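Dear colleague,

Please find below the structure that I am handing over to you. My notes on its ligand sites and salt bridges follow it.

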Amino acid sequence: MTGQRDSRHDVLFEPVRIGPLTTRNRFWQVPHCTGMGYRHPRSEARHRGIKAEGGWGVVSTQETEIHPTSDITPANEARLWSDADIPALRLVTDAIHEHGSLAAIQLVHNGLHSANRYSRAIPLAPSHAVLDCDDPVQARGMDTADIRAFREWHRAAARRAREAGFDIIYAYAGHDMSLLQHFLLARHNHRTDEYGGSLVNRIRLFREVIEDTREAIGDTCALAVRMAVDELMGPDGLQHDAEARDIIEALADLPDVWDVNLSGWSNDSQTARFSDEGFQEKYTAFVKSVTSKPVVGVGRYTTPDAMVRAIRSGHLDFIGAARPSIADPFLPSKIERGEVDDIRECIGCNICVSGDNTCVPMRCTQNPTIGEEWRRGWHPEIIPSLETPESCLIIGGGPAGLEAARAARQRAMDVTLAEASSIWGGRVTREAGLPGLATWARVRDWRLWRLQNMPNTELYLKSPLTAEDVLDYGIAHVCIATGAKWRRDGVGRVHRRPLDFPDPDRVLTPDDILLHGPSAIKTSGPVVIFDDDRFYMGGLIAEQLARAGHDVAIVTPAATVSPWSEHTLEHDRIQRRLIELGVGIVPLHQIDRMDDGTLSLACIYTGRTRTVPCATLVSVTSRLPDDGLWSDLVTRREDWADAGLKSVNRIGDCLAPGLIAVAVQSGHAWARHVDLPEEPLPLREDIAALS
Ligand code: ADP
Ligand code: SF4
């Protein structure tokens, strides 16, 4: 840590004029969902306030529904349906202004993306259309009275946004989730009046709403326009070198700032498995050449050199970020202080996105404090020291153990961390070797870097500890983070009892593949992956083995491969990749029995059986905690006090196998609460609102 900014990064800290306002730097936290929305306004406000504290010059809300005809319940976005919504948003702007940043709000009408399950309003669209979700609901094609009404709702929402204290107000046409974009797109807009047909007509409503918004917000707020410049679907959608360019040219200088990206959300928020830092540049780079207004763009930027390049090359004026600001809300101030190595870089896993997609406050693999800022009072950079620091012994150097050690040291505890193997990182190191997951090693690297730079920290590899060792050391607080192992017996969601495999040597688990790669397969012939885990592991092993030349099929009781990856926006890409690699896919089947060279499968609905060739079975079902050390210590509980032990706890996968994000949070929570008899309950906003 140098404490002084690298002069090469100075350009990132230049103020930029946008309309009547000036930003304090070029860091722009673009609108992103948090799952906190209108139902958790204090959580939302604290979350955004911390971003401002961390140095983001502009901090935006998530998309904000302007009217009950744009109701995407049960999703939990922001709302400005009426004046009653203003106080909740005032909390947000106050929190942002407290740290000298500008507050931005993205107004949205979701058009044919909103089923209006709560409001029960009939959805609206440019033309009669079925919704883009699974609800058996159609949207009504808007007539001119509807268009007039929509413009008035947008104007009213813009006025309310100004009253709530926002500095920058967005008109939004992106992600295939916005009525304004639906009007732009020929595939959604089949109108024959002045709002449909030619591009000039399809742009009309967008232009009118931009002008309306300008009028509504007056001359003290800036007007931002967020627009998708490519949908990655060829001529059926917007393309950066075709209509999208024409639209931006036509509206070039109407807004004060352009915020441009890819559409839909799965293209915009691609995971690291499918894209690299700066992946949007080739689509958005043209925008600055057709407008005189500043341009914001995203691309999972986490390294200041890439950010500087994007500015210096004339591609962007602002570094837009959602995920990098979640993984490290203090990213700008770390660059400003010259503490670049301390940036907790986003790994591009989209666990944050899964929070919004499952309608709960988001969590983050890298940043365990996200979503906990208000309800647990967790700050991403500060953990109060213990009044009387004590020593701790953490056993297991995976994500849970590393985070526990790092956070305990931040509390001024003397830390001893023991890891049985010869490498740090546990499962995260192993999984980072799977195709496209190299960035996941950042979970290990950031924590290890921190630990290696802290005093009173002892790190031991090749140190498998026993209960006897732990009692001999007599260190006050013991934290067991020994992880978990994949089951070999097929037990998972459909098979709740162990399966009888006649030749266990032909049954592998993900651990075998993670440790040895494709060479774990000893038998020639087809490999069947039985995936009842249903997230990323089965699909990734299929990809790895297919790339290594194996004949691979994936069998799953689910209807598709890796269905939970819908929540991380990866599902379609995973499916496409496996099909392209020639992986056979057998959905809706469980295992009937394994024979010599074949696997008999049973349909989950009818029980009807079929047979697939199978020389090796990789069983991806569930995991069991590696908790032998814990059990041994529990049987010697009466010796703890004499040995000097004050607390012994399990964390992470050793307590219950789960996401890496859960393991990291569990390590963090252990360190935060090590001095308390039990973990405090988080605050609840629903109750707080009534009291
Ligand atoms: P988590 O996700 O909970 O951090 P991991 O499986 O990633 O779990 O990491 C657990 C780590 O604990 C592994 O690296 C493993 O080698 C280590 N470990 C397991 N048993 C012991 C032990 N008895 N002593 C020290 N380290 C252990
Ligand atoms: Fe990045 Fe993953 Fe955190 Fe999201 S959850 S911000 S993708 S590290």
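In these notes, Ala, Val, Leu, Ile, Met, Phe, Trp, Tyr, Cys and Pro count as nonpolar, Asp, Glu, Lys and Arg as charged, and the others, Gly among them, as polar. On that basis, the shell around ligand 1 consists of ten nonpolar, eight polar and four charged residues.

The model is predicted, so local features need pLDDT of at least 70 and side-chain atom pairs count only at pLDDT 80 or more, whereas totals for chains, interfaces and linings use all residues. Residues are numbered from 1 along each chain as its sequence is written, chains are lettered from A and ligands numbered from 1 in the order in which they are written, and side-chain values use heavy atoms, with hydrogens and water left out.

Ligand 1

There are 22 residues around ligand 1 (a heavy atom within 4 Å). Ala400, Glu419, Ala420, Arg427 and Asp653 come nearest. Helices (DSSP runs of H or I, at least four residues) are numbered from the N terminus; α14 (399-410) and α15 (427-431) each give at least two residues to this shell.

The side chain of glutamate 419 places an N or O atom 2.6 Å from an oxygen atom of the ligand 1 molecule, and for the side chain of aspartate 653 the distance to an oxygen atom of ligand 1 is 2.8 Å. Leucine 465 takes part through a backbone N or O atom, 3.0 Å from a nitrogen atom of ligand 1. Taken alone, ligand 1 exposes 580 Å², and the protein buries 89% of that area (Shrake-Rupley method, 1.4 Å probe).

Ligand 2

The shell of ligand 2 includes Arg323, Cys346, Cys349, Cys352 and Cys364. Helices α11 (323-327) and α13 (351-357) each contribute two or more residues, and the largest share, three residues, comes from α11. By class, this shell has eight nonpolar, three polar and one charged residues.

Salt bridges

How many salt bridges does the model contain? With a side-chain nitrogen of Lys or Arg required within 4 Å of a carboxyl oxygen of Asp or Glu, the count is 55. One of them joins the side chains of arginine 5 and glutamate 336, with 3.6 Å from N to O. This pair links distant parts of the chain, 331 residues apart: glutamate 336 belongs to helix α12 (residues 331-336), and arginine 5 to the segment before β1 (16-18), a strand being a DSSP run of E of at least two residues.

With kind regards

How values were computed
Polar contact = N/O pair within 3.5 Å; in protein donor to acceptor, adjacent residues only side chain to side chain.
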